[in-house]
Amino acid sequence: TNRRGLLESLFALLGDGEQKQEDEEDEEDEEGPFVICGMHEADSCDQCPMGNGKAWCHGDCAWNDDTASCESAMTNVHPD
């Protein structure tokens, strides 16, 4: 009986380790999409400038002079 209890404890610990790894993977997925602002990342383009304006809006994002805001480079394409 002592061995059985020890084995059950061991399996419980191993099982918890597997669950912890799965939980960590789920947390990574929950972080959601982010954008590359140039030399840093943000949750969205409007968060790239961090008070620094146009100078911090690059990468996946582009500065819109008309609205003075950082927007997705894909939506900030002006036709020629």
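In this predicted model, Gly 59 is in contact with Ile 36, Cys 37, Gly 38 and Ala 73, leaving aside its neighbours within four places in sequence. Gly 59 sits in the loop that runs between strand 2 (41-42) and strand 3 (61-64). The protein chain has one helix and four strands, and their order along the sequence is α-β-β-β-β.

**Whole chain**

- The protein chain has 80 residues, and buried residues make up 15% of them.
- About 6600 Å² of the protein chain is accessible surface, and carbon and sulfur atoms account for 52% of that area.
- Of the contacts in the protein chain between residues at least 6 apart in sequence, 12% join residues at least 24 apart.

- Helix 1 covers residues 2-30 and includes Phe 11.
- Phe 11 has a relative accessible area of 56%, which is over the 50% cut-off, so Phe 11 counts as exposed.
- Leu 7, Leu 10, Phe 11 and Leu 14 together make a nonpolar surface patch of about 410 Å².

**Nonpolar core**

- In soluble globular proteins, nonpolar side chains tend to be buried together.
- The largest nonpolar core here has eight residues: Val 35, Cys 37, Ala 42, Cys 45, Cys 48, Cys 57, Cys 61 and Cys 70.
- Cys 37, one of these core residues, is in contact with Ala 42, Cys 48, Trp 56, Cys 57, His 58 and Gly 59, when neighbours within four places in sequence are left aside.

**His 40**

- His 40 is located in the loop between strand 1 (35-36) and strand 2.
- The relative accessible area of His 40 is 18%; this is under 20%, so His 40 is classed as buried.
- A polar atom of the His 40 side chain lies 2.8 Å from the backbone oxygen of Cys 48.
- Not counting residues up to four places away in sequence, His 40 touches Val 35, Cys 48, Met 50 and Trp 56.

**Gly 59**

- Gly 59 is exposed, with a relative accessible area of 53%.
- The C-alpha atoms of Gly 59 and His 40 are 9.1 Å apart in space, while the two residues are 19 apart in sequence.

- Asn 64 is part of strand 3.
- With a relative accessible area of 9%, Asn 64 is buried.
- The side chain of Asn 64 has a polar atom 3.2 Å from the backbone nitrogen of Thr 67.
- Ser 72 belongs to strand 4, which spans residues 69-72.
- Leaving aside neighbours within four places in sequence, Ser 72 is in contact with Cys 45, Asp 60, Cys 61 and Ala 62.
- Ser 72 and Cys 57 are 15 residues apart along the chain, and 9.5 Å separates their C-alpha atoms.

Terms used: Residues are numbered from 1 along each chain as its sequence is written. This is a predicted model: local features need pLDDT of at least 70, side-chain atom pairs count only at pLDDT 80 or more; totals for chains, interfaces and linings use all residues. Side-chain values use heavy atoms; hydrogens and water are left out. Patches are made of residues with over 30% relative accessible area and no salt bridge: like charges are joined within 9 Å, nonpolar side chains (Val, Leu, Ile, Met, Phe, Trp, Tyr) within 5 Å. Accessible areas come from the Shrake-Rupley method with a 1.4 Å probe; for residues, only the protein chains shown count as cover. A salt bridge is a side-chain nitrogen of Lys or Arg within 4 Å of a carboxyl oxygen of Asp or Glu. Helices (H or I, at least four residues) and strands (E, at least two) are DSSP runs, numbered from the N terminus. Buried means under 20% relative accessible area, exposed over 50%, partly exposed in between (1.4 Å probe, protein chains only). A nonpolar core is a set of buried Ala, Val, Leu, Ile, Met, Phe, Trp, Tyr and Cys residues joined through side-chain atoms within 4.5 Å. Contact means heavy atoms within 4.5 Å. A polar contact is a pair of N or O atoms within 3.5 Å; within protein, one must be able to donate a hydrogen and the other to accept it, and residues adjacent in sequence count only if both atoms are side-chain atoms.
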